[in-house]
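Student: I would like to learn how to read a helix and a few backbone angles. Where do we start?

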Amino acid sequence: MSRILIVDDSGTMRKIIMRVIRQSGIDAEFEEAQDGFEALDIADSGNIDLILSDINMPNMNGLDFVRQFRAKHGPDTPVIMITTEGSDEVMERASAVGADGYITKPFTPELIQRTLQPHLV
Amino acid sequence: MAIHLASPDVRAKLEEAINEIFHAMIPVPFEHLDCVNAITQADSVEMFAILGFTGTKNGAFVIGTTRRGANEITAALLMLDSPDAIDADEAADAMGELVNMIGGNFKSYVTDAGERMELAAPAVVGGSDLRTIATQEAQDGITLFLKSAGEPLSLTYYVE
């Protein structure tokens, strides 16, 4: 079973993401954080197989979180950004701070499965 | 190429955004009813989800629906059998995410046309008159009327 950290300031969106991941057939247990600060604390505890992070969040946004996470934990844990904005500019910024991929909202179980599964071997 | 609210493309892009979101994530019956070039809302609206933006133009996307309509959408997003168990915070959160997805989707159209658009964080408020919520500078708008799970739903896009 994979351990996935969901980072999103919306509690409802975190529930939706967990529901869709389960629906996609991925066997996972979840940790939740509502901003980058909480996510860094959880990541410090270790044993996270994959991180799914929103970009626009209060306190510490997703890009700053990934930048700090990579600086502290290196490149091994895959990080997928999940965002409403699918512009090239946003994706380039995400890639520049060390994100491994992105998912644009709205998303389907098929898209989640296709994006996450290669990182969960 | 500047975007004009009266352009059929604006209506088409807003409808496209709604269709994509409902088909992917909100499995409830919905239908497009009408569209007007005005800042208004569906009848019986009890809550608004607002996503402001700045950039080449300033303005907002606003979704209006009934409390029941918000509960139905929230329950569908969460794949819950009954909308009755949804509390007000969950419904507000879900409506904020819905307007966020619509704005994010429409932003691609705007930026592809060479305009800038920076989206704010969504806000959700109760109320019955969008004109009291829209800024005094709001000059031009388009409103789509829909029915979602049998409840009225409107989407307004306005610029200052």
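Tutor: We start with contact: two residues are in contact if their C-beta atoms, placed from the backbone, lie within 7 Å. Keep in mind that this is a predicted model.

Student: Which elements do the buried residues of H3(A) pack against?

Tutor: They pack against strand S1 (2–7), helix H2 (36–44), strand S3 (50–54), strand S4 (79–83) and helix H4 (88–97) of chain A. The buried residues themselves are A:Gly62, A:Leu63, A:Phe65, A:Val66 and A:Phe69.

Student: Why do the buried residues of H3(A) line one face of the helix?

Tutor: An α-helix has 3.6 residues a turn, so residues three or four places apart point the same way. In H3(A), the buried residues fall within an arc of 155° when seen down the axis, so they line one face. The face turned away from that buried side carries the exposed residues A:Ala71 and A:Lys72.

Student: Which residues does a cis peptide bond join?

Tutor: A:Lys105 and A:Pro106, with omega about 0°. A:Pro106 sits in the loop between strand S5 (101–104) and helix H5 (109–116) of chain A.

Key: Residues numbered from 1 in each chain as written. Chains lettered and ligands numbered in written order. Predicted model: local features only at pLDDT ≥ 70, side-chain atom pairs only at ≥ 80, totals over all residues. Buried ≥ 20, exposed ≤ 12 C-beta atoms within 10 Å, placed from the backbone. Helix = DSSP H or I, 4+ residues; strand = E, 2+ residues; numbered from the N terminus. Arc of directions from axis to C-beta.
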